[in-house]
Amino acid sequence: ADSYLIPILFLNSTLGEPLLPLTIENQDFANAISSADNCGKLLLEKWYVLDEKSEPSCYRLRSIKVEKECVAGIDEELNSLMLNLVEVFSRELRDSYLTTVVEQEINNTVLMSQELAKRCIWIQNTGMQAKNEENQSQLTVEMSRRLSNIQNDLKVCLKIFLRSKFVNILNDYRRNWRRSTS
């Protein structure tokens, strides 16, 4: 018997926390360093190390080994690093480097696979809209933009699927009509 994977996608008003990139290409890192303020440069240089063994070489996020007492300070530093990357990366680089687990799963499961997209159930919770405050952080604004992009990508994917389905139904109808009239 055939079995199918049916992805069920639940979206609220957030995509979750963005992840720091594990690697940053040399040129992108150099641009980030040149665009960052002094504090941002220090954070980038502290947390990313040149990995000359990778091909091509890149900057790699240092592994984090901390004692329980130091977690709050490290967490604050990594949040500052994330805000710094949001500020210095262009929109294209933010889209490339600063993804969330939810975005990665949507891209890999639904947007990259037409077979899975055809079977996907998409549930959008509209009751939990993000607060529209004037003094939102750059990170909150960025995550709202990314959520809107994902929603638009899903809508386009759905429209393409529905258009294709409609064309197939219309073609079937025409074939059946031709058979019945001949």
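1. The side chains of Glu-103 and Arg-146 are joined by a polar contact of 2.9 Å. This is a predicted model, and the distance is computed from its coordinates.

2. Glu-103 lies in helix H5. Its relative accessibility is 5%, and because the cut-off for buried is under 20%, Glu-103 counts as buried. Beyond residues up to four places away in sequence, Glu-103 touches Leu-15, Leu-98, Arg-146 and Ile-150.

3. The largest nonpolar core has 35 residues. Leu-20, Leu-44, Trp-47, Tyr-48, Leu-81, Leu-85 and Phe-89 have the most contacts inside it. Two or more residues of this core come from each of helices H1 (26-35), H2 (38-47), H3 (71-88), H4 (91-97), H5 (101-111) and H7 (138-181), and from strand S4 (58-61). H3 gives the most, with 7 residues.

4. Neighbours within four places in sequence aside, Trp-47 is in contact with Arg-60, Leu-61, Arg-62, Ile-64, Ile-74, Glu-77, Leu-78 and Leu-81. Of these, Leu-81 is also among the core residues with the most contacts.

5. In soluble globular proteins, nonpolar side chains tend to be buried together. On the surface here, however, Ile-8, Phe-10, Ile-121 and Ile-123 form a nonpolar patch, with about 390 Å² of accessible area together. Strands S1 (8-11) and S5 (121-124) each supply at least two of the patch residues.

6. Ile-121, in strand S5, has a relative accessible area of 40% and is therefore partly exposed.

Notes
Residues numbered from 1 in each chain as written. Predicted model: local features only at pLDDT ≥ 70, side-chain atom pairs only at ≥ 80, totals over all residues. Heavy atoms only, no water. Patch = residues over 30% accessible without salt bridge, like charges linked within 9 Å, V, L, I, M, F, W, Y side chains within 5 Å. Areas by Shrake-Rupley, 256 points an atom, 1.4 Å probe, with all protein chains shown as cover. Salt bridge = Lys/Arg side-chain N within 4 Å of Asp/Glu carboxyl O. Helix = DSSP H or I, 4+ residues; strand = E, 2+ residues; numbered from the N terminus. Buried < 20%, exposed > 50% of the residue type's maximum accessible area, 1.4 Å probe, protein only. Core = buried A, V, L, I, M, F, W, Y, C linked by side-chain atoms within 4.5 Å. Contact = heavy atoms within 4.5 Å. Polar contact = N/O pair within 3.5 Å; in protein donor to acceptor, adjacent residues only side chain to side chain.
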